[in-house]
Amino acid sequence: MNQAIPQESDQHIETEVDFVELDTIIDDEFGNDKENLIMILQAIQRKYNYVPQPALTYLSAKIGIPYSKIYGVATFYSTFSLEPRGRNIISICLGTACHVRGGERVRERIQESLEISDGQTTEDQRFTLESVRCIGCCSLGPVVKINEDMHGRISSDEVDRILDQYE
Amino acid sequence: MNKDVEEAKIMKIQSVKDLEKITREYSTSLYYPESIKVNIGMASCGIAAGAEAAYNTASEAFANDKAVQIGQTGCIGFCEVEPLVEILANGRPRVMYQNITPDKILDAIDDYQNGLSKKKWILGQMRDPRSILEGEIDNPVGKVEPFEAIPFLEDIPFYKGQVKIALRNCGYIDPDCIEEYIAKKGYRALLEMLDHSEPGKVIETIKESGLRGRGGGGFPAGIKWATCAKHDGDRSIICNADEGDPGAYMDRSILEGDPHSVLEGMLIAGYAIGSRQGYIYVRNEYPLAVKRLVTAIKQAEACGLLGENIAGTDYSFNIKISTGAGAFVCGESTALMASLEGNVGRPKAKYVHTVEKGFRDGPTNLNNVETYANVPAIVLQGAEWYAGMGTDHSKGTKVFSLVGKIKNTGLVEVPMGMSLKEIVFNIGGGIPKKKKFKAIQTGGPSGGCIPERFLDLPVDFQKLAEVGSIMGSGGMIAMDQDTCMVDVARYFMDFLKEESCGQCNPCREGIKQVLDILTNICAGKGKEGDIELLEELGSMIQKFSLCGLGTAAPNPVLTTILYFRNEYEAHIRDKKCPAGVCKALFHYEIDADACTGCGVCARKCPQDAISGEKKKPHTLDQELCIKCGICYEACKFNAITIC
């Protein structure tokens, strides 16, 4: 919930936003409807891998919601990232079932190995680490999802081998 | 496998007769297939275990072979042994194979055709594949000679004692095929109701059935429906599919395995309450559930069972899907409605209830996925039938997800009132690795931890509340001797601190203070008086928070203090974590008598902290040890001890 606004050091990787494409999302997919704000933001994030700030400004003018409110929504929900994310998204499940089966140790191992903490991206943009609350695959706990791949029943000594599979 | 709406031979359904026609046609493929049929359980859990790859392997191998047909179903519940594959043929028993990974799928199909010799791969054969609604049709395998020396699925401890109402079709039908749902008595309740039931009568049925909301609060559904129907305005029907309790995944399973049952339940609610618009608020973390819902809605619309003038009547009802964005608080009804309106999900004080003024300020009825999935069965079989199951105040069945330190992880549906012991030890198979049972956690972050001495407790809404926990959405997390109860309390407070919306003081500040104290205790900095302070803070948060998230938030702390006070005291006074979880409060040692010198721990240790000669007791360098626990998990001789 607590993503920071893009820092100055991030400016060089600011994504170019295609406003015509944004229009397609806002108008055609979601009927320029204010009630669809969350789903519009999700669609923008799917497209850019995060929610770029220019898209928020544009969305505000286009859909008629104050920027402050859009910013509020984008920072309230944990799905949204206002900073560029890495090429591979690691989602570590911290549901209760994974927790009692050692999920915390797996997270620690990943953090040590990549030298980043929860919500951060490695300097080479290879990985972003995000924790999620239960993905409902409790029988496979502890579970780590990397992009769309599910890695189940992993122990902390397997972490490096799994991470090596992603470039 | 995904039957596109355009491709399917979809007909407009006008009457029960039309449903019967489809039923006749599709009961062939469901029960008496012309070829060998292979049904692969393809819910998210199955796919994660390798089901999709197995499906692809099998589809490719039999692409040009009409003698074997590959299909998909949802989750049949026994997640521990997924991927699960059911194989059947006309005139032969139906056999469930377990742990069928892609490398085993072709051999399993071959095994079914040639003698069933791979006994270890076989979970069981089915005595009766009919759902609870199909009593009047003959048992499709009733006259089939069963295989010898293969157990019946219904006799396996995991399935014995289960009664499937909400999960009646999960794992038995292709969720992307509306006809298979119809062939299992789907949409029958809707059409019969439209034919000859007044809305008021439907509400009476739900009231008399005693159905209570399955999402957490357990409010009687019939009363909610009646109150909503009483208020004038643009009424909305909402399905809460934002399953947020960690460790509970029954709603995902229903949406992925039987989406039409939820749509039908909402359609019935819409008719009874007098609404023409429904919304499903579903977690964004469940992409497969969203996909299957979209397919189901398109199919139902194409059949004329959803949309304008349903089945040629005056009743019109539409359903829109909205995806959530990862906020636990949106499980709270007013927060969910705010989120549906495109706002930040902050709860409102309930001076006025949502049944009067909810979504867009109109009367709104909100139930969760499991509640709606029960509705068609109740309307079809009658209130008395449903009320005949369960206990005095909790009728029918409840789906539980058995997870954590338990042998048979999975989804089980049992009549209300079954004891915790039966659920955990008979169905769940008890605790793995010969460890000792410590507690069962129910109700997610708003629930509590129930110790061993209450194992005989019959599980229903009242009884769980009496011991300080709640039913919640039905998550049951088993904990063993290696689970630290102070750490569990800290874990939930950490969860709730992140998820508190932050608008009211008692919840926002109170939870933070509780978390700080617990974090200190876990770090070895606990002091006398901390326990009492936690109790005082807990009671304050319970009394003064605005919404259900806050008022229930202290439950995990208060129940662990109540039942596991000795663990708190060990942390604070003795500076010890008996379970070996809180790193500052224990260390590992090698028991020289038990150590065989096999060297597994030394090879696995990431710090090279363990050394020793082969076949001689090893030693552990405390300076280097980071207490990652890898050696403890790896040692087969219990030679690594917690001190």
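Me: How many residues of chain B are in contact with how many residues of chain A?
Reply: Heads up, this is a predicted model: local features need pLDDT of at least 70, side-chain atom pairs count only at pLDDT 80 or more, and totals for chains, interfaces and linings use all residues. Residues are numbered from 1 along each chain as its sequence is written, while chains are lettered from A and ligands numbered from 1 in the order in which they are written. Two residues are in contact if their C-beta atoms, placed from the backbone, lie within 7 Å. By that rule, the residues of chain B in contact with chain A number 44, and their counterparts in chain A number 37.

Me: How do the residues on the side of chain B that touches chain A divide into nonpolar, polar and charged?
Reply: Ala, Val, Leu, Ile, Met, Phe, Trp, Tyr, Cys and Pro count as nonpolar, Asp, Glu, Lys and Arg as charged, and the others, Gly among them, as polar. Sorted like that, this side of chain B has 18 nonpolar, 17 polar and nine charged.

Me: What pattern does chain A follow along its sequence?
Reply: Helices (H or I, at least four residues) and strands (E, at least two) are DSSP runs, numbered from the N terminus. Chain A has seven helices and four strands. Read in order, they give α-α-α-α-β-α-α-β-β-β-α.

Me: In what order do the four strands of chain A form their open sheet?
Reply: Strands pair if DSSP finds at least two bridges between them. β1(A) runs parallel to β2(A), with six bridges, and antiparallel to β3 of chain A, with three bridges. The pairing in the sheet is mixed, and the order is β2-β1-β3-β4.

Me: Why is one side of β2 and of β4 in chain A left without a neighbour in the sheet?
Reply: Look at the ends of that order: β2 (127-132) and β4 (149-151) of chain A stand at the edges.

Me: Which residue in β2(A) is the bridge partner of Ser91(A)?
Reply: In β3(A), Ser91(A) stands opposite Lys145(A). Over in β2(A), its bridge partner is Glu130(A).

Me: At about what angle to β1(A) does helix α6 of chain A run?
Reply: Axes are lines fitted to C-alpha atoms, for helices over the stretch in contact, and angles run from 0 to 180 degrees between N-to-C directions. Helix α6 (residues 103-114) lies across β1, β2 and β3 of chain A, and its angle to β1(A) is about 150°.

Me: What distance separates the centres of the two domains, domain 1 and domain 2, of chain A?
Reply: Domain bounds come from an automatic or database domain assignment. Here, domain 1 covers 8-76 and domain 2 covers 88-163. Taken over C-alpha atoms, their centres are separated by 28 Å.

Me: Is Val355(B) buried or exposed?
Reply: Val355(B) is in the loop between α12 (333-340) and β9 (364-368) of chain B, and its contacts beyond four places in sequence include Lys224(B), His231(B) and Pro363(B). A residue is buried if 20 or more other C-beta atoms (placed from the backbone) lie within 10 Å of its own, exposed if 12 or fewer, and partly exposed in between. Because Val355(B) has 23 C-beta neighbours inside 10 Å, it counts as buried.
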